[in-house]
Amino acid sequence: NAAQWAIIAPFSLGKKSDPGQTGREPRLFVEAVLWIVRTGAQWRELPAEFGKWHSVFKRFRNWVRADIFYRMFKALAKGADFEYAMIDGTIVKAIALAKAQKGDSLQAIGRSRGGITTKILALTDALGNRVDFCLMPGQAHDLRETRSLLQGLNAGHLLADRAFDADWL
């Protein structure tokens with residue numbers, strides 16, 4: 001959609017106005033990433049029309065490190081008004097090789113009764129479309145990041161379970 005692309009295009013790394021190497025066709029690159037996400041395929045299975053799979057993967061990794069996808073996501077969700085918003089958290093088991101390192105808060109990996117886990121805290125509209133999300137260590141309480149997720153939210157009602165039962169909320 002052209003309107004959506006107009007919102008996220010300024011976040012693209014490798015624009016002609018950026019210093020360094022210019023990336024080829026950022027829109028085609030985003031389509032390649034969306035293809036991987038939709039199909040669940042490995043990077044090696046990326047169709048040749050998107051370019052060399054390893055080059056696309058390296059570019060993807062650079063965008064992830066620069067937090068570009070999250071900024072795009074936030075830009076697309078910005079300014080929406082909701083009658084109802086919903087918030088909930090779920091725990092996801094990490095792979096056996098995952099290991100949280102001290103001082104590395106970006107990993108969001110923790111230990112709970114279920115083993116090595118990550119908690120996904122999601123804020124959605126009434127239809128279940130994500131508005132925002134955050135990752136936390138699995139043992140963290142849902143209220144830990146709730147305030148930051150709700151900041152700037154314009155909703156009439158917030159639906160949540162009893163994990164979010166706090167006087168300030």
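This is a predicted model: local features need pLDDT of at least 70, side-chain atom pairs count only at pLDDT 80 or more; totals for chains, interfaces and linings use all residues.

Student: Which element of the protein has the lowest mean pLDDT, and which the highest?
Tutor: Across the protein the pLDDT averages 81, and 84% of the residues score at least 70. Among the elements, the lowest mean, 72, belongs to strand β2 (residues 110-112), whereas the highest, 90, belongs to α3.

Student: How far apart are the end C-alpha atoms of helix α2 (residues 26-39), and what span should its 14 residues have?
Tutor: At 1.5 Å a residue, with the expected span taken over one less than the number of residues, helix α2 should span 20 Å. The model agrees with this expectation, since the end C-alpha atoms of α2 are 20 Å apart.

Student: Which residues of α2 are buried, and within what arc do they fall, seen down the axis?
Tutor: By the cut-off given above, the buried residues of α2 are Phe 29, Val 30, Ala 32, Val 33 and Ile 36. An α-helix has 3.6 residues a turn, so residues three or four places apart point the same way. The buried residues of α2 line one face of the helix, because seen down its axis they fall within an arc of 155°.

Student: What do the buried residues of α2 pack against?
Tutor: Packing here rests on contact, that is, heavy atoms within 4.5 Å. The partners of these buried residues are the helices α1 (2-8), α3 and α4.

Student: What angle separates the planes of the aromatic pair formed by Trp 35 and Phe 50?
Tutor: The count comes to 7 aromatic pairs. In the pair of Trp 35 and Phe 50, which is tilted, the centres are 6.4 Å apart and the angle between the planes is 45°.

Student: How many residues apart are the two members of that pair, and is Phe 50 buried or exposed?
Tutor: The pair links distant parts of the chain, with Trp 35 in helix α2 and Phe 50 in the loop between α2 and α3, 15 residues apart. At 14% relative accessibility, Phe 50 counts as buried.

Student: What kind of aromatic pair do Tyr 70 and Phe 133 form?
Tutor: Tyr 70 lies in helix α4 and Phe 133 in strand β4 (residues 130-137), 63 residues apart. Tyr 70 is partly exposed at a relative accessible area of 25%, and Phe 133 is partly exposed at 27%. Their centres are 5.5 Å apart with 90° between the planes, and planes over 60 degrees apart count as edge-to-face.

Student: What is the phi of Asp 67, and why does it deserve attention?
Tutor: Most residues other than glycine have a negative phi. Asp 67 is found in the loop between α3 (53-65) and α4 (68-77), and is partly exposed, with a relative accessible area of 41%. Although Asp 67 is not a glycine, its phi is positive, at about 65°.

Conventions: Residues are numbered from 1 along each chain as its sequence is written. Side-chain values use heavy atoms; hydrogens and water are left out. Helices (H or I, at least four residues) and strands (E, at least two) are DSSP runs, numbered from the N terminus. Buried means under 20% relative accessible area, exposed over 50%, partly exposed in between (1.4 Å probe, protein chains only). The arc is that of the directions from the helix axis to the C-beta atoms. pLDDT is the predictor's confidence in each residue, from 0 to 100. Rings of Phe, Tyr and Trp (its six-membered ring) pair if their centres lie within 6.5 Å; planes under 30 degrees apart count as stacked, over 60 as edge-to-face and the rest as tilted.
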